[in-house]
Amino acid sequence: MIPTQYHEANRHVGVPKLPTGIEGFDQVTYGGLPVGRVTLITGTPGSAKTTFSLHFLAAGIREFEQTGVYVTFEERPADLRANATGLGFDIPVFEDAGEWCFVDASYDADPDVVNTGDFDLGALISRIDHAIDQVDATRVVLDGVTALFSHLPDARRVRGELHRLMNRLREREVTAIVTAERSADEGELSHYGIEELLADNVVIVRNRHDDEKRRRTIELLKLRGAPHQKGEFPFSVMPGQGIVVIPLSAIQLVQSSTEVRISSGVAELDEMCGGGYYRDAVILVSGATGTGKTLTTTHFVSAVPDDERALLFAFEESRPQLIRNARGWGMDFERMEDDGRLRIVANYPEVAGLEEHLVLIKNEIDAYRPTRLAIDSLSALERSGSVRGFREFVLGLTSFVKQHQIAGLFTSTTRNLLGNPSVTDAHISTITDHIILLRYVETAGRMRRGLTVLKMRGSPHDKRIREYTVTESGLQLGPPFQNVAGVVGGTPRQQIVPPEVEHAGAPTGDGQPG
Amino acid sequence: MQAFRLRLFVCGDGPRSESARSTLRRLVEDVFDEDAYELEIVDVLEHPDIAEEHRVLVTPTLDRLAPGPVRRIVGDLSDLDAVAQGLGVQHRDGADR
């Protein structure tokens with residue numbers, strides 16, 4: 001992982017890059033694909049190679065006025081046009097405008113084609129050349145070259161001719177991608193060793209099955225002479241948008257290190273935090289069900305200044321419920337919505353996979369431009385993915401939020417009522433700047449509630465556990481618990497305190513034995 | 001006998017191209033009367049648009065257009081038995097195969 005202050009410089013090192021226009025891909029490659037070169041995209045059937053190819057050409061036309069040639073070896077152009085429509089690309093419009101040209105190199109299943117001797121792929125190469133001239137192409141796709149090998153008798157000859165074709169593409173100075181098939185996510189990179197022709201630039205797409213959930217990932221195996229991010233990155237295929245790659249990185253280490261504080265919505269909580277949350281903080285609020293996470297979220301969202309906006313994603317309650325709750329605590333969500341200061345998005349977690357959720361959240365953020373984001377709760381999304389997928393989701397989300405200098409508050413539900421960190425906590429706690437714990441405290445036959453600020457990166461804070469109650473004005477902080485240990489750990493127990501100490505300046509009757 | 005219509009696609013003047021052209025010429029002269037066939041030769045380098053129209057990938061490619069149905073033969077035609085089979089004709093043994 002290249003630290004941010006270096007990666008800017010690295011953009012200028014090595015082969016110049018062509019921005020693809022595919023969201024997230026240009027980030028993980030630090031700029032796009034090597035200009036004027038050919039890159040191999042290899043993957044198992046159904047791993048989105050064709051989708052990537054279609055998006056690559058469409059984005060070229062839409063974002064950069066770069067025309068393209070699509071050479072298809074497996075699917076017919078009519079089927080590709082139909083596919084593309086689902087992704088949001090209107091190919092016939094591009095074709096009519098002379099910006100997109102198909103070369104149909106697909107084989108009909110014709111058992112009667114007879115082979116009579118040596119051959120070459122001169123016609124294919126000539127047709128591609130011609131197509132490049134027709135639209136003055138900058139981008140070229142060769143989608144499904146593996147099919148050539150299945151139809152022609154001499155693999156060595158086919159490979160030699162493909163090599164000749166690659167050279168020709170380089171002579172034409174187009175930036176090209178070639179897609180090839182493999183049978184498994186690991187092992188041999190492609191059937192027929194196509195990667196040997198394109199040894200320098202190899203990208204792998206996978207459609208992994210992880211804990212019964214599907215995870216699409218893209219890996220930059222090699223990009224000649226150019227630094228790029230390593231490892232697999234999740235991506236999503238979004239209807240109407242195409243491919244969205246989620247760059248998980250610690251680029252968020254670019255901290256503007258703001259000292260500016262914002263209010264949590266509860267003045268005493270701000271004091272406990274040493275002045276409030278930081279404006280670009282990631283805040284985790286963790287507690288069992290019923291401890292007031294939604295309440296804390298409601299305060300946070302309501303406290304957004306008049307000229308800014310808050311975006312709330314709810315995965316456990318409906319919008320009407322949230323509005324009703326808020327009203328019960330003295331906060332008017334409906335008026336905030338009317339004023340344009342609040343947007344509530346409520347969804348069942350099951351409606352989409354994690355990558356889709358992440359893209360949906362990002363799209364909302366891009367469209368609405370909030371300064372505060374709240375997700376209640378992050379734990380509800382845990383069931384939408386595998387453990388690994390969820391971790392990546394959390395990384396991707398917090399990374400994105402930090403890059404946009406948004407204050408992000410995420411709630412996490414602990415599994416048992418008295419505490420113990422949740423799975424979400426484990427994933428997120430190292431990334432968070434502030435952690436607030438809400439816990440039940442069992443004392444003297446009653447269930448009370450305690451709040452503590454566990455972590456305030458970069459700031460002194462109140463380390464005591466304070467009792468709180470919920471009233472029609474929302475969260476009310478009370479005095480600190482005394483003589484009760486183990487609240488945070490989930491097993492509160494009362495300490496026996498000698499009477500002299502007990503009566504020396506103890507405030508109210510908190511935690512007294514008997 | 002119905003006239004044969006053949007279209008041969010070649011790529012420039014290379015050895016495969018030459019081999020296919022000469023083999024084909026000899027073959028048709030052997031097999032057919034002069035009026036009974038039409039042979040068109042298309043150089044894909046000069047006419048990529050025609051190659052595109054007929055979705056030709058490989059050169060040489062020989063299409064038998066008539067009598068129908070359309071049959072396609074690929075390769076430099078050095079395997080005469082295969083060529084004959086593909087065209088649906090009998091060839092006589094030539095002195096130089």
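A: Helix H13 (residues 354–368) of chain A packs against helix H15 (residues 387–403) of chain A at an angle of about 10 degrees, and their axes lie 10 Å apart. Axes here are lines fitted to C-alpha atoms, for helices over the stretch in contact, and angles run from 0 to 180 degrees between N-to-C directions. H13(A) and H15(A) are therefore roughly parallel to each other. Angles under 35 degrees count as roughly parallel, over 145 as roughly antiparallel, 65 to 115 as roughly perpendicular and the rest as oblique.

This is a predicted model, in which local features need pLDDT of at least 70 and side-chain atom pairs pLDDT 80 or more, while totals for chains, interfaces and linings use all residues. Residues are numbered from 1 along each chain as its sequence is written, chains are lettered from A and ligands numbered from 1 in the order in which they are written, and side-chain values use heavy atoms, without hydrogens or water. Helices (H or I, at least four residues) and strands (E, at least two) are DSSP runs, numbered from the N terminus.

From H13(A), the contact takes in Leu354(A), His357(A), Leu358(A), Ile361(A), Lys362(A), Ile365(A) and Asp366(A). They meet Gly389(A), Phe390(A), Phe393(A), Gly396(A), Leu397(A) and Phe400(A) in H15(A). Contact means heavy atoms within 4.5 Å. The residues of this contact divide into 8 nonpolar, 3 polar and 2 charged. In that count Ala, Val, Leu, Ile, Met, Phe, Trp, Tyr, Cys and Pro are nonpolar, Asp, Glu, Lys and Arg are charged, and the others, Gly among them, are polar.

Next comes a sheet of chain A. Its 9 strands are ordered S5-S4-S7-S8-S3-S9-S10-S11-S12, and the sheet is open with mixed pairing. Two strands pair if DSSP finds at least two bridges between them. Strand S5 (100–104) and strand S12 (242–245) of chain A are the edge strands, each pairing on one side only. From one strand to the next, the twist averages 25 degrees. H13(A) packs on this sheet and touches strand S10 (213–223), strand S11 (232–238) and S12 of chain A. Its direction makes about 75 degrees with that of S11(A).

S11(A) and S12(A) run antiparallel, joined by 4 bridges. Phe235(A) has Val245(A) in S12(A) as its bridge partner. The two strands form a hairpin with 3 residues between them, and Gly240(A) in the turn has a positive phi of about 80 degrees. Elsewhere in the sheet, strand S3 (residues 38–43) of chain A runs parallel to strand S8 (residues 175–181) of chain A, with 6 bridges between them. Leu40(A) stands opposite Val178(A) in S8(A).

Another helix pair of chain A crosses. The axes of helix H3 (residues 49–64) of chain A and helix H4 (residues 77–87) of chain A come within 10 Å, at roughly 75 degrees. H3(A) and H4(A) are therefore roughly perpendicular to each other. Thr50(A), Thr51(A) and Leu54(A) in H3(A) meet Leu80(A), Asn83(A), Ala84(A) and Leu87(A) in H4(A). These residues divide into 4 nonpolar, 3 polar and no charged.

Some backbone details of chain A deserve a check. The peptide bond from Asp376(A) to Ser377(A) is cis, with omega near 0 degrees. Ser377(A) lies in the loop between strand S18 (372–376) and helix H14 (378–382) of chain A. Tyr30(A) is not a glycine, yet it has a positive phi of about 55 degrees.

Finally, chain B. An open, mixed sheet of 5 strands runs S6(A)-S4(B)-S3(B)-S1(B)-S2(B). Strand S6 (114–115) of chain A and strand S2 (37–43) of chain B stand at the edges with a single partner strand each, so one side of each is left without a neighbour in the sheet. Helix H3 (residues 80–87) of chain B lies across S6 of chain A together with S1, S3 and strand S4 (71–74) of chain B.

At the interface, 26 residues of chain B are in contact with 27 residues of chain A. The chains bury about 2,200 Å² between them, 52% of it on carbon and sulfur atoms. Buried area is the accessible area (1.4 Å probe) that two parts lose on being put together, summed over both. In chain B, Arg16(B), Arg55(B) and Leu57(B) lose the most area to chain A, together 35% of what that side buries. The interface has 4 salt bridges, each a side-chain nitrogen of Lys or Arg within 4 Å of a carboxyl oxygen of Asp or Glu. One of these joins the side chains of Asp118(A) and Arg16(B) (3.2 Å, N to O).
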